[in-house]
Amino acid sequence: MRFALAILIGFQLVGEVLRQILHLPLPGPLVGMFLLVTALVVRGDGHKAPTEIGSPLVRTANGLIAQMGLLFVPAGVGVIAELAVLRQQWLPILAGLLVSTVLGLAATGLVMHHVSRFVETRRRTLPAAAHHREAR
Amino acid sequence: MEAALLTVWTPLATTPLLWLAATIVAYAFGQIIQRACRNSPLAHPVLIAIAAVAVLLESTGTPYATYFAGAQFINFLLGPATVALAVPLAANLRHVRRSFHGVGLALLAGSLTSTVSGVAVVWLLGGDRATAFSMAPKGVTTPIALALAQEAGGLPALTAALAIAGGIVAAVVGGTVLRWLRVDDWRAHGFAAGVAGSGVAAAQVAPLNGLAAAFAALGIGLNGLLTAVIVPLLGLLWVAR
């Protein structure tokens, strides 16, 4: 368990160091997450899930993710320092929140639905295309 | 009575322990309320906890810096928790292989629409740059959104509130909007929830269908990566204007 937490913090540290060295505009923990995904995928054989359910890393990760809500509270309380911004710009904030969330949701759902349907019908009518895909 | 309260309060108010405990109690309180509301996404424990702590700070006249001195220990765990998101992402990455085109194009469409429309609406209605870049990453899971807002010159606290509020909007209207658009595919419902509403909306759709849960987890992770590229680019555009 402690070792698993060390892996997470270690990857975060490596991400932070890479960010500094390469002047990446990305946050350190995100670089660390990308590195850990790569490591997990490379270690897996590519067919079954690269992460076993019972492993300490999976248990620690799931435990942290399950309690993630608690971790946002300190940063979120900082909104009391931004109350002036909220009061002044409530209309752009509220409109931006509603419009961009609904548009993003609709765009993702529509594209996913229609593209996968298109690909699946083509795969059924054109076996050669399916073959080509399997080969890759 | 009041004097007795003060003698307890005065030394406690300056130790980190008090605000550490207050944060955890406020969150537990939020979870109890959500359970009492039959897990409605409207009663989100994080929003309840933020409001409760904010009211407590205002009523006791405690500055945010004093509060954060205690709560920073919780805040620190956000880093490892963000790295931990790699585990569900890696576990669900195999779904990409089977719906490669759908996932790739939908991710691109959803991520661009969400970030660009957020910045555009704020700008059109007269909001300033800091507000626009607090809005831009709000579709992403909160720890990543926080870090991206900080990087691009937004207000991280505002982003944290917006990310959760956006997740609530997506959780409440998501199913209805998608059905209205005649999207009847669980993979699309799950992926859209993950991309547009991150963890909050994913929690709403995940119990409905296993495939939806997997695609929601995939949407959260992949959108985090793509938005991390889009938001800094948008930031450069606004400076260049």
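**Salt bridges within and between chains**

Arg19(A) forms a salt bridge with Glu151(B), with the closest N and O atoms 2.9 Å apart. This pair crosses between chains. Arg19(A) sits in helix α1 of chain A, and Glu151(B) sits in helix α10 of chain B, which spans residues 142-152. The model is predicted. Glu151(B) has a relative accessibility of 37%, so Glu151(B) counts as partly exposed.

Side chains of opposite charge can pair when their charged atoms come close. Arg19(A) has a partner in its own chain as well: Glu16(A). Here the closest N and O atoms are 3.3 Å apart. Both residues belong to helix α1 of chain A, which covers residues 2-22. They stand 3 residues apart, about one turn of the helix. Glu16(A) counts as partly exposed because its relative accessibility is 29%.

Another salt bridge joins Glu120(A) to Arg187(B), at 3.1 Å from N to O. This pair also crosses between chains. Glu120(A) lies in helix α6 of chain A, residues 90-125. Arg187(B) lies in helix α12 of chain B, residues 186-205. Glu120(A), at 29% relative accessibility, counts as partly exposed. Arg187(B) has a relative accessibility of 15%, and the cut-off for buried is under 20%, so Arg187(B) counts as buried.

Shared partners join Glu16(A), Arg19(A) and Glu151(B) into one network of salt bridges. Over all chains, the count comes to 4 salt bridges.

Key
Residues are numbered from 1 along each chain as its sequence is written. Chains are lettered from A and ligands numbered from 1 in the order in which they are written. This is a predicted model: local features need pLDDT of at least 70, side-chain atom pairs count only at pLDDT 80 or more; totals for chains, interfaces and linings use all residues. Side-chain values use heavy atoms; hydrogens and water are left out. A salt bridge is a side-chain nitrogen of Lys or Arg within 4 Å of a carboxyl oxygen of Asp or Glu. Helices (H or I, at least four residues) and strands (E, at least two) are DSSP runs, numbered from the N terminus. Buried means under 20% relative accessible area, exposed over 50%, partly exposed in between (1.4 Å probe, protein chains only).
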